[in-house]
Every structure is written in C-alpha cells, then in structure tokens.
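Here is a friendly set of notes to read alongside the model. Please keep the sequence and the 3D view open as you go.

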Amino acid sequence: MKNLEIAWTLREISDLLRVKGENRFKVRAYNNAARSIKKLKEDITTLRKKEVLTEIPGIGENIAKKIEEILDTGRSVYLDELREEVPPGVLSIISLPGVGPKTAGLLYEKLQFKDLSELMVLAKDGRLRDVPGIGPKTETNILKGIEKLKKNMEHVPHGLARVSADIIFELLSSFSLISRVSLAGSMRRGKDMVGDVDFVAASDNSHKVMEILGEHPHIRELDIFHDNRAKAFTNLGTKIDLQIVKEDKFAAVLHRSTGSKKHFQQLSALGNKKGINYDGNSILKNGKEIIVSDEEGIYSAFGLPYIDPELREGAGEIEAAKNNSLPDLVDIHDLRGDLHTHSTWSDGHGTIEEMVQEAVKMGYSYLAITDHSQSLAVANGLTVGRLMEQWDEINYLRKKYAPFLILRGIEMDILRDCRLDYEDEILAKFDIVIASIHTGFEQNKEAITERLITALENPYVDIIAHPTGRILGRRPPYEVDMEKVIEKASKLGKTLEVNSSLDRLDLNAAYVRMAKEAGVKIAINTDAHGKTGLRDMEYGVMTARRGWLEKNDVLNTLDSQELLSHLSRNRVGVR
Ligand SMILES: [Zn+2]
Ligand SMILES: [Zn+2]
C-alpha cells in the first residue's frame with residue numbers, strides 16, 4: 001500500500017499548491033508524479049532500494065527527494081508546512097460543482113473560513129456573493145454542494161472505506177503490543193454504505209498503541225478519548241474509530257461494537273428472561289460474571305449457536321438461532337465461476353484470454369464473457385457481425401483452456417420500448433444471456449417494471465443484471481416494482497443478480513432475502529471490466545450473506561455440468 005500513500009501525499013501537495021495559486025507547472029508536476037506512482041506495478045520501496053526513482057515517468061530529483069523523506073520518516077515537512085497555510089476544509093470544496101482550485105483559493109483568501117461548516121454559514125448569510133466573481137447562483141450551488149458533500153462524507157460505499165480499513169487492520173495486526181484485533185461495526189456486518197470504520201483491539205498498553213498509530217503516515221488526524229478510544233482520519237478521508245481493551249473484555253466489546261443495536265437489544269432482552277445481564281462489557285449470570293474468550297462463548301451463554309455478523313440486524317436471526325434454523329451462509333469458496341464479465345470486445349480493458357487466465361488462477365471452473373450488445377454504442381456494443389468474430393476467438397480459447405469452460409454470453413440491453421437488442425435467432429446461439437437496463441432511467445415505475453418483465457419472459461434470457469440500476473453514493477435506483485419482478489422470476493425459474501461492483505451491490509440485501517423467500521436463484525457476479533475486477537466477488541458474497549443466502553441459493557456455486565443443464569433447462573427449444 002506504500003505506493004498509494006505516496007501518491008496520495010503528492011496529490012495533496014498538488015491540490016494545496018493549486019489552492020494557494022502557485023505556478024501551474026509546479027502544480028502539474030506533483031499531480032503527474034502522483035498519477036504515475038499510482039499506476040506503478042512495482043513497490044516503490046523496491047525501486048528506491050534500486051536507486052531508480054528518477055526513472056519513473058514524471059519524477060525528477062526534487063520529487064524523488066520528497067518521496068525518500070516520506071519513506072524514511074513517514075512524513076513530508078513540505079506538506080506539513082502547506083497544511084499549516086491552508087486548512088483541510090478548503091481542500092474539500094475544490095470538488096464542489098462550480099468551484100475549482102482558483103475559486104476555492106479566492107474564497108479562502110477573502111473569507112478566511114476554517115472548514116466546510118463555517119463556509120456553509122457564510123453561504124447561508126449571503127456573504128459568498130461579496131467575493132468578486134461569485135454571484136448568487138454560484139453561492140446557491142456551493143451551498144447545495146456542501147450539503148451533499150457533508151452527507152456523502154458521513155457515509156461512503158463499503159469498498160471505498162475498505163481500502164483504509166485494510167491498511168489499518170494490517171498495521172494493527174503487526175503491533176506486538178496488540179494480542180488481538182478485529183474489524184467491528186457496520187463494516188463487519190457487511191453493510192453496503194458505512195460511516196466510521198470500527199476496530200476493537202486487545203492490548204495492555206493502549207497509550208503506546210495510540211502513540212504509534214498517530215505517527216503512521218496514513219493517519220492524518222488522531223483524537224484520543226478516555227485513554228482507550230481514538231477517532232482518526234486517514235489520508236483517504238476515512239473515519240476510523242478504535243477501541244482498545246484488556247484481553248478479557250475483547251469478545252464482549254467486539255460483539256457490542258459490531259452491533260447492530262437492534263440485535264444487541266434483542267439479545268439482552270432474551271437474557272433478561274434467562275437471568276442473564278449483558279451490557280456489552282460483561283455478562284453476569286445470576287450475579288456471577290461469565291468470562292468468554294470469543295463471540296461463540298457469548299451466544300453459548302444465551303444457549304444459542306453462533307450468529308454470523310452479516311445476520312445481526314435484529315431481523316429474525318435470534319428467533320432462527322433459537323429454533324436452530326439459521327442459514328448456513330454461502331462462502332466465497334463455494335463459487336465456481338463468474339457469469340458477468342466484459343472484455344476488450346466491448347468496454348472492458350482485458351482481453352478474453354487475460355480474463356480467462358485470471359479466472360483459472362482463482363480456481364474457477366467457468367467464466368461467462370458477457371460484453372455489451374449492439375445498441376450500447378458508448379460501450380462499443382457488439383453488432384451481429386462482430387459477435388461472430390468474438391465467438392471464433394472464444395471457440396479457439398475454449399479448446400486451449402479445456403476443461404475450463406468459457407461461456408459465450410452477452411449483457412443485452414433492454415431497450416426503452418421493451419424491445420430486446422437481438423432477434424431470438426441470435427439469442428438462441430448464446431450459452432448464457434443476461435439482460436439489463438442502461439438507458440431511460442427516468443421512466444416511471446410501470447414502464448421500467450414492464451421492461452424487466454418482458455426480458456424475463458423471453459425464453460433465452462437467463463439472468464437480470466444489476467436489477468435496480470443504483471450506483472452507490474451517486475445514483476439512486478430507478479423506479480421499479482421489484483416484488484413483481486421477483487414474482488415473475490420465481491414463476492419462470494429465472495435468476496436475478498447480485499452485482500459485486502464496489503459501487504453497485506445490486507440487488508441489495510433486503511431484495512436478496514425477498515428473492516430467496518420467493519425461491520429465486522441469485523447469481524453473484526462481478527461485472528468485471530478487467531482482471532482485477534474479478535476479485536470484487538467478495539463484496540457480492542457479503543451482500544448475499546446479508547440476504548441470508550446459502551450455497552444452494554446461488555446459481556454460480558453449481559459445477560460446469562450442473563450449470564449447463566440448468567441454463568438449457570430454462571431455455572425452451574434450445575440445444
Ligand atoms: Zn451493465
Ligand atoms: Zn456489465
């Protein structure tokens with residue numbers, strides 16, 4: 001992760017220089033350096049050892065020195081100085097609509113606000129329009145932008161927070177002062193959007209742990225509360241909440257801080273009936289403390305089997321635990337392949353062969369190549385002529401990589417007027433057809449629902465991809481009667497997708513559970529547009545687990561033969 005941190009630091013220097021109105025060549029130099037480090041395949045520490053830093057494009061003597069300083073000391077004095085001159089709040093307004101670095105610098109120079117909240121107050125008072133070049137309209141836009149930004153800052157997509165979470169977890173795990181550490185909170189429960197990233201660690205020396213953590217270059221700010229609790233901001237803007245406890249309290253505090261509140265309350269209420277008093281710190285049975293070393297111990301004190309974090313939402317899981325009917329949740333290792341991926345034939349950036357090689361490396365038995373269909377010209381959708389050429393390539397690779405199975409698939413657009421993007425005689429030739437909506441999001445509920453239903457009714461369509469069209473943090477789902485879609489899928493034996501892309505996670509957990517209850521199979525797919533995207537599978541699995549899915553509920557846990565017969569069974573008159 002060193003590369004990312006260095007890139008981030010240089011990027012911040014560039015942004016701060018821009019706000020200060022510095023020479024634009026200098027601004028650009030830092031920005032270019034940041035970009036080129038982000039793209040590096042090799043570890044920057046290795047390059048430094050080989051003394052070849054200046055051979056990286058965009059890195060001259062001066063910037064190379066700054067990088068060495070960060071690698072040696074964990075900080076950049078230059079950056080610290082810049083931060084003194086420009087407060088962090090100013091930096092965050094650069095991304096607002098209508099505010100570039102120049103305007104940001106100007107606003108700061110004239111109004112001297114400290115952070116976003118102060119700027120918001122000024123905007124509400126109509127003080128922004130006093131600044132030359134800023135009219136009432138821009139002022140309103142800035143105000144709207146800040147409100148949105150503040151909301152976004154409170155919750156970020158899981159995948160985004162995960163980058164910081166992984167860095168911090170790795171760091172805390174490496175401390176010899178810490179005997180145990182775990183992710184907690186909503187992130188551990190696998191929620192799609194998260195606020196703080198919570199950690200619980202066991203140590204006898206919380207003070208020292210905080211001290212070392214505060215020094216880490218990935219941590220921008222660290223506030224310590226009550227000696228054993230710290231809130232920190234990472235360089236990537238993620239909020240970290242760390243609790244450090246003594247070893248004997250670890251399990252209970254981890255359990256409490258994982259939540260959810262509702263789950264905890266329901267468990268406590270159950271305890272009350274059994275003479276157990278549980279406050280999230282200690283468990284007392286008839287006044288005597290029960291020491292537990294792990295969460296299994298906590299549930300067993302209540303006479304219950306272990307409940308997976310993804311289920312702890314107070315949505316029937318305690319009832320299920322009592323009846324011994326908890327789901328045996330699907331696991332990432334249960335998956336045998338990926339049924340939604342793109343290649344350079346449409347808008348992907350990996351060749352089919354690269355995608356296949358990666359899938360083989362991941363231990364999969366099959367991969368469906370599902371490039372975009374002809375109408376999606378922006379994504380280089382496949383005309384019938386190009387399809388034939390693609391199939392030639394797939395047929396060749398199929399032989400080369402057998403018995404690994406490459407499925408000739410398509411992600412077919414469902415057009416605005418319910419038409420599908422190919423005639424049935426073409427659809428009949430695919431091994432798998434997934435259908436999805438990429439246009440006309442503004443249509444009303446009836447129209448969108450009708451489009452999805454029409455697609456399901458086509459005998460060649462196997463799966464509906466990203467069924468609600470949402471983009472986390474950016475675009476709400478389109479209007480759709482998902483209950484109706486689920487009912488139709490159930491009746492026709494069709495599959496719905498959990499799209500694992502970091503910014504989609506679509507279907508969401510609630511719909512997944514609804515689909516399961518209706519007997520609809522779910523495919524967990526990555527929609528990868530390159531080989532690294534194939535690794536996003538874990539996020540889809542996390543969402544599926546939150547939807548109570550077991551191995552048997554998931555289409556792509558079938559082996560190749562089972563999958564093929566499942567698909568052909570669903571396709572009348574084919575094969
Ligand atoms: Zn799509
Ligand atoms: Zn796709």
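This is a predicted model: local features need pLDDT of at least 70, side-chain atom pairs count only at pLDDT 80 or more; totals for chains, interfaces and linings use all residues.

1. A word on burial comes before anything else. A residue counts as buried under 20% relative accessible area, as exposed over 50%, and as partly exposed in between, using a 1.4 Å probe on protein chains only. Ile 219 has a relative accessible area of 4%, so this residue is buried.

2. Residues are numbered from 1 along each chain as its sequence is written, chains are lettered from A and ligands numbered from 1 in the order in which they are written, and side-chain values use heavy atoms, leaving out hydrogens and water.

3. Let us stay with Ile 219. Its place is in strand E5; strands (E, at least two residues) and helices (H or I, at least four) are DSSP runs, numbered from the N terminus. Leaving aside residues up to four places away in sequence, Ile 219 touches Ile 168, Leu 213, Ala 232, Phe 233 and Thr 234, where contact means heavy atoms within 4.5 Å. From Ile 219 to Ala 232 there are 13 residues in sequence and 6.8 Å in space, C-alpha to C-alpha.

4. Next, please look at the metal site. Glu 411 (OE), His 438 (NE2) and His 466 (NE2) coordinate the zinc ion (ligand 1) at 2.1 to 2.2 Å. Donors are N, O and S atoms within 2.8 Å of the metal (3.2 Å for Na, K and Ca), and water is not among the atoms, so sites may look incomplete. The donor residues follow the spacing E-x26-H-x27-H in sequence.

5. Glu 411 also bridges the zinc ion (ligand 1) and the zinc ion (ligand 2), which lie 3.3 Å apart. Glu 411 counts as buried because its relative accessibility is 0%, and His 466 counts as buried at 1%.

6. Grid points are joined across faces, edges and corners, and a volume is the space filled by probe spheres set on the points. The structure holds three cavities of 30 Å³ or more.

7. The largest cavity has a volume of about 130 Å³. It is lined by 13 residues, and Gly 74, Arg 75, Leu 79, Arg 83 and Pro 217 are the closest to its centre. Helix H5 gives the most to this lining, with three residues. Because domain 1 (2-154) and domain 2 (156-245) both give residues to the lining, the largest cavity lies between them; the domain bounds come from an automatic or database domain assignment.

8. Finally, the second largest pocket holds about 350 Å³ of space. Among its 19 lining residues, Arg 162, Arg 188, Glu 310, Glu 538 and Met 542 are the closest to its centre. Domain 2 (156-245) and domain 4 (332-569) each supply at least three residues of the lining.

Definitions and conventions: On a 1 Å grid over the protein atoms alone, a cavity is a set of points where a 1.4 Å probe fits but cannot get out, and a pocket is an open set with protein on both sides within 12 Å along at least five of seven lines; lining residues have an atom within 4 Å of a point.
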